Amino acid sequence: MATEHGTETGFETEQEYVETEDGTRRRLAFVDRFPEAARTARICLWIAFAAFGVGALFGLIQALHRTNTLRIIPSSDYYTILTGHGVLLALVFTTFGIAGLFHWANTRSLGVSPTSRRLTQGWLWTMSIGTLLAAGTIVGGLFDWIPASADVLYTFYAPLEAHPLFYIGAALLIVGSWGAGLDWFLQYREWRSHNPDARIPLQSFMVMTTMLMWYLSSAGVAIEVVFFLIPWSLGLISQVDPLLTRTLFWYFGHPVVYFWLLPAYVVWYTVLPKLAGGRLFSDPLARVTFVLFLLLSTPVGFHHQYTDPGIASGYKLVAMTNTFFLLLPSLLTLFTVVASMEHGARQQGAKGYLAWLKDLPWERPEFSGVALAGIMFAAGGFSGMINAGMNINYLIHNTIWVPGHFHLTVGTAYALTLMAIAYWLVPQLTGKRLQFRGMAAIQPFVWFVGMVLMSNAMHRGGLAGIPRRTAEPQYDQVTFDAVVGTVGEMRIQIAIGGTLLFVGAMMFLAVMAGTWALGKPNSQLRVNGSIPEPLSGAEESPRVLDNLKLWTAIAIALVLLAYGIPLYDMVADGILWPGSVPFPE
Amino acid sequence: MHVHRFERLWFGVSLVLIVAFIGTIIYGAVGPGIAMVDDSGGTVEPSVIADGNYEQTNNFREPGVYDTEDGVEVYVIARQYFFQPGTTEPIRVPAGEPISFHVTSPDVTHGFNLAGTNVNTMVIPGQVAEFSVTFEETGEHGIVCHEYCGSGHHTMEGQVVVVEQSEFEGGEN
Amino acid sequence: MAPNRDRQPRPTRRRLLAAGGTVATGALLGATAPAAAQSSDFDGWFDDVDNYDGVVDRTGESEVTVEVGVDNGGQPYGFGPPAVRIDPGATVVWEWTGRGGSHNVVAEDGSFESELVGEAGHTFSHTFESEGTFKYVCIPHEALGMKGAIVVGGGGGGGVSEPDYDGWFDDVDNYEETVDERGNSEVTVEVGVDNGGQPYGFGPPAVRIDPGTTVVWEWTGRGGSHNVVAEDGSFESELVGEAGHTFSHTFENEGTYKYVCIPHEALGMKGAIVVGNISGGGGDGGDGGQETPAEGETGGGSLIPVPSDFVGWFALVIGGSLGVAVTTVLGAESYAAYRDHAASEQAYVGEQATEAVEQEPVEEIDGDYDPLGTAALVAGYFVLIVLLWVFMYFVEFIGGPTITG
């Protein structure tokens, strides 16, 4: 108990410790220090995992269908399955997983319980009802007797039209997440009233910068859905401008990927060093990184629209430049996080120039999963640079390269990090010891191998021009020439990789279900939840970094610079013109 | 603010890398002239295209290949689930000269990609995607619709056939 | 619907379609088609056409309208109705609904071909002079099952007109006309299909069959319990709601047989079977039909396969016993393992959940340490991405056509 952290947790006291029967002094687990917050975080995680299970099954169906390995659904239903996969994993699994993780992180680092039970219940219900509506309308596409469908994929580009309840559900999910953010800011205000001069604890700082970015960016999709798509799908307005609505979507569509990733960054910065046996290398750089994400995540959305007509090249160029500067925080993270792991290995006695790598605790899934996720993210970072590369992007835009890329980022950096950290966090949130630990220990490696197979083949397939988002990438008039490898070999790798990923997902869910069903409450856990002080602590970082109002103001200014004129151009000729009537599918 | 010297160094190297990336991209646009689709194609009312009233627009013509004084112009409509021309009849263009494509959609969002090349654009209702391509060699290129456009999306494909100048017969201008 | 890539070689005829789709408007070419067509199965032509429901008899009319772009398995890619029987000399007018984008009407044998348009209200017509079966498609949506056929002449006893049902179908929304199923020995009618927005209809409500034909009613499982009861009492099914349940009746005598679902009669759940070539005036139901209630066997309502011979039973018994044995052993083992496990977990249960004691570092390393290994790894990553960037740059810009301004 050498490093207890005065600044890190606000209210840590002796009452948090108990003497156990074997005579050791142990800290109470999170579930007994903050029962209410633990319950909220648990609910969020269970919903996230349920969505993950269904989404993973849909993913398996797609991998086998696309590769023509096994086609159990008609190809016209493929798009319903694809919509479900995207919405359940990229919107529901992420948003609920993030809510659970942030609820824990903010409460833990501030040491303050959430202030309003009514608010907490409000956002939980809002998000849950939104999820049910969106998922219900999507599944309706598979059954004739459900009079609703939403085969519009998770980007829901107008003029393809979904049932109004789909849009309403999506809006509720986002509004609910705003409520969650409010919950965390109120916690911070409560903490601040007792700690007028203290630095913001690191995890809480990260939670708040992420949520500020989220407020700023999700406003775009909220406007798209509430002011355009809902009235349009209800028939209140006859047409919408497809370019304007997709621009609003992508205004939100790039920051949302950072909304998925930043929770992984929170884990990499604050928990991974501890799991490796060490301490975070640098608190100041961690804060700088999150501030850069708040500033630069939003004014880059046009890099998803490099191939869109109707947008001048200059705006695309600005977005490209911003995007490349967004590399900076990720490259800084790479160094800080790897250095923290090296510090951990060396504190545990590892020697050698690179030999310390093998002395890291690879046998523990909470470490191995998070570390493997980080490695995959380094690879995904490269393909992201190509995506961002403006005219280089033209070769691979909307090819299967793109899902190859984001299965490394949201599909591994976020998903595997969340799974791995669940092995460490769920015991603390439930007071139950993790079950099926053997299965848990190999699960991250199964996921890793599956993703290596699937993703490398998808990237190479993209170079050959094979499109994404299609049930049958086999054509009569089109042949694909592989730059590296062969198309047939890629197909096999995608099918095997997708199957392994499904197996990995089921192993994870079995561990979670086993822990939930077989674990005993009030147990003596195998994990320790304290987080040591960074080597270079908060006192080293300039106070201005904690000035969230300043950074928010600059972020808004950058958004106005990047989006003001292009949006004005689009609405100047009529906000609904040139317009399209709905095309229900 | 205390930052380890290795981190300062990495910070500098990262910035150099970022600037170098931006530099090579801009060189690609200026040197080899890899340009982007932009707003030069103008806008059209999707219903005008759907009804075939091309004479009401000043930036779109009846779909087809035209040999004009300004070079070869190709007007393509991407619609559920075919390219017109392109699907039932290939787009025939001559090799060795810039071909100007104009692509739009009367219904939903589509894509237009010559598989394996960087000839790639979104086709958005209301917008005309305009871009030039020079085919140096004769041969065939498959056209793929790469944006989900409805339950028959996977059947949407077409072909560009590049022929010798002497074999090329464009529609009258 | 399942457009399962019915990839026949594309006829060269399609290459003739001009880019703009402006071809031979209404060129009423004489139908030089295969004469003597008397087909009711069309050689699998309608296998992937969801909205095909038999040939609609329009003989006796000089002009017949077919809609282009009607619902076909949930998508607007169908002809309505897909198959029509007409008299020689009659004109078929195709009328575009405006749904599903652009369509055309192209005969398989090239005898007629419309322009490719999407505008609602557009029409194309063709007069069929000679007898035969004329198959046609909408070329862009052929793979999605947008196919049709015109049967000229022939057809059982030749021209029959719509029988006079005496107002029977006045309150039946899903009744359009009598579907001609003559020539088939078994005809299926669905029980519980959409009827004016509610699942209280027979699909199709009116069917014309040959004497001796068996009609199989198949329950869709929608709309609760239904039955099939003849107005004249000549047949009556059980009242059930289970999907896949079937009831069949063979009609020996000519006549018009009206029937209802008794619980939903007031909601317009009514149907009729026309036996033979009856035109106008509803005949009274004849008797002599055989009632053959059949469950499971014809319908496929049962999920459990029932063996049909000795080998089947033998395999079922042996396999079943093995399955039970394995399940019992595994179940017992898992239960034992679970009990042991629960007991061992119990040893860790205290009054409150507590964390593990934090691991102390072997040697404490403070701020002034140089992460040399990290520096090496990061430098390696730097070199790797630069090389990959160069690779991509060349893949992008070397060879092949390139997009320029």
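**Strand pairing in chain C**

Asn72(C) stands opposite Gln75(C), a residue of β3(C). This pair belongs to a predicted model, in which strand β3 (residues 75-80) of chain C runs antiparallel to β2(C) and is joined to that strand by 4 bridges. Together, β2(C) and β3(C) form a hairpin with 2 residues between the strands. One residue of the turn, Gly73(C), has a positive phi of about 65 degrees.

Strand β2 (residues 63-72) of chain C also pairs with strand β5 (residues 91-96) of chain C, here in the parallel sense and over 6 bridges. Within β5(C), Val93(C) is the residue opposite Thr65(C).

An open sheet of 10 strands is also present in chain C, with mixed pairing and the order β6-β8-β9-β4-β1-β10-β13-β18-β17-β15. Its edge strands are β6 (106-107) and β15 (229-230) of chain C, each of which pairs on one side only. Strands β17 (residues 255-260) and β18 (residues 270-275) of chain C pair in the antiparallel sense, with 6 bridges between them. Ile273(C) in β18(C) is the bridge partner of Tyr257(C). In a regular strand, side chains alternate between the two faces of the sheet.

The unreviewed UniProt entry places the feature "domain: Blue (type 1) copper" at residues 65-152 and 188-275 of chain C. In the model, residues 65-152 of chain C are 0% helix and 49% strand, and the end C-alpha atoms of this span are 14 Å apart. Residues 188-275 of chain C are 0% helix and 51% strand, with end C-alpha atoms 15 Å apart.

Key:
Residues are numbered from 1 along each chain as its sequence is written. Chains are lettered from A and ligands numbered from 1 in the order in which they are written. This is a predicted model: local features need pLDDT of at least 70, side-chain atom pairs count only at pLDDT 80 or more; totals for chains, interfaces and linings use all residues. Side-chain values use heavy atoms; hydrogens and water are left out. Two strands pair if DSSP finds at least two bridges between them. UniProt positions are given in the numbering used here, feature names are shortened, and annotations may be inferred rather than shown by experiment.
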